Amino acid sequence: MEIASVETFTDEFVCFLRVRTVDGEEGWGQVAPYNADITAQVVHRQVAPYALGQSADNIDYLVDIIPEREHKFPGAYLRRAIGGLDTALWDLRGKREGKAVCELIGGTPGPLRAYGSSMKRDITPQREAERLKDLRDRFGLDAFKFRIGAECGRDIDEWPGRTEEIVPTMRREMGDDVALLVDANSGFSPARAIEVGHLLQANGISHYEEPCPYWEYEQTKQVTEALEIDVTGGEQDCSLVDWRRMINGHVVDIVQPDVCYLGGLTRTLRVARMAEKAGLPVTPHSANLSMVTLFTMHLLRAIPNAGKYLELSIEGADYYPWQQDLFVETPYDIQDGKVMVSDRPGWGVTVNPDWLARSVYCISALER
């Protein structure tokens, strides 16, 4: 079952990838969002040449051999491109075997608790609380994440005093029965991160994400060791060597790989196994409603050290206009605070033909 072609369908933000075999089977995947049109070029220049003619069953081999063949390019774009191939091959395998991807990796379809994930900082604490309470009441969500500090803010808040205001406001307005998480997006030095961490602990916040520049592991470890709250991170990391450093060094209490940033499901499963051996839970990053959240849903229904909940973005067309109308199905419906992993084969979704018709198309094909 040789791979006959690798096709990309792209706009600036999203790139879907289709793999076809010589006997006509096909699977769909996706590279990481943002600058996806650049990643599509990497797919055809640095990924497809090694995949064409190879067995579609040998996913582990492909995700290992491509970084070796392209060893001069150890960074994010190559991993994002490999992730598109990897996820398409898992979809193909699921369709061939008539199983959902979660079943292929040892899990079962079914419900997942979700937390509503806010992406906004340019919003007042009171307005943020109002919109999260509305979602709580309408969809039964019992966990939410909001933003503190400023993205890579060097201890400068989004505006003066916002962090000190939003933390107690959210606890007061949401009540004690709602789990609250925060994301600092690499905003603080260790000293400031620890100071903020004590404020979070005093208000019953349970999850403190990326308090320091994510690439400065030693800084994050200082925060982890100084606080009782769970310090979390890892969404940006795409090197398995760095993941070993992070996990073995207990840099964080909860690991947060992003399936698309890391390079696909196969590599994410390896990180999950590393974390399991270290006794760490996995609460992946999945901060938009492209296929990354779907990949994460299947992962969480299968791994033994799955975290408490799925990250589910609450942002709509005003924030993410590019994530609208991507699929024929609606894979992220929320009922009683949960989403459902379908038992349909593969990833269980169909990319919207109208979206595909508007995309930029490219193919790499096996020459005979």
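Visitor: Which residues are buried in helix α8 (residues 217-226)?

Guide: A word on the source first: this is a predicted model, in which local features need pLDDT of at least 70, side-chain atom pairs count only at pLDDT 80 or more, and totals for chains, interfaces and linings use all residues. Residues are numbered from 1 along each chain as its sequence is written, and side-chain values use heavy atoms, with hydrogens and water left out. Helices (H or I, at least four residues) and strands (E, at least two) are DSSP runs, numbered from the N terminus. Buried means under 20% relative accessible area, exposed over 50%, and partly exposed in between, with a 1.4 Å probe and protein chains only. In α8, the buried residues are Tyr217, Thr220, Val223 and Thr224.

Visitor: Why do the buried residues of α8 line one face of the helix?

Guide: An α-helix has 3.6 residues a turn, so residues three or four places apart point the same way. Seen down the axis of α8, the buried residues fall within an arc of 120 degrees, so they line one face. The arc is that of the directions from the helix axis to the C-beta atoms. On the face turned away from the buried side, α8 carries the exposed residues Glu218 and Glu225.

Visitor: What covers the buried residues of α8?

Guide: The cover includes α7 (190-202), β7 (207-209), β8 (230-233) and α9 (240-248), where contact means heavy atoms within 4.5 Å.

Visitor: How many cavities of 30 Å³ or more does the structure hold?

Guide: Rolling a probe the size of a water molecule over the atoms shows where empty space is left. On a 1 Å grid over the protein atoms alone, a cavity is a set of points where a 1.4 Å probe fits but cannot get out, while a pocket is an open set with protein on both sides within 12 Å along at least five of seven lines; lining residues have an atom within 4 Å of a point. Grid points are joined across faces, edges and corners, and a volume is the space filled by probe spheres set on the points. The structure holds 1 cavity of 30 Å³ or more, and about 80 Å³ of space lies in the largest cavity. Its lining includes Tyr217 and Thr220, and α8 and β8 are the elements that give two or more residues to that lining.

Visitor: How much space lies in the largest pocket?

Guide: The largest pocket has about 520 Å³ of space. Of its 22 lining residues, Leu289, Gln323, Thr330, Tyr332 and Asp333 are the closest to the centre. Both α5 (125-139) and β10 (310-313) supply at least two residues of this lining. By class, the lining has 12 nonpolar, 6 polar and 4 charged residues. Here Ala, Val, Leu, Ile, Met, Phe, Trp, Tyr, Cys and Pro count as nonpolar, Asp, Glu, Lys and Arg as charged, and the others, Gly among them, as polar.

Visitor: Which residues lie nearest the centre of the second largest pocket?

Guide: They are Arg147, Glu151, Asn185, Glu235 and Gln236, from a lining of 21 residues. This pocket has about 440 Å³ of space, and its lining divides into 9 nonpolar, 5 polar and 7 charged residues.

Visitor: Which strands do bridges join to β1?

Guide: Two strands pair if DSSP finds at least two bridges between them. Strand β1 (residues 3-10) runs antiparallel to β2 (residues 15-21), with 7 bridges, and antiparallel to β12 (residues 360-365), with 6 bridges. Phe9 stands opposite Phe16 in β2, and its bridge partner in β12 is Tyr361. A hairpin of 4 residues joins β1 to β2. In β1, 8 of 8 residues are buried.
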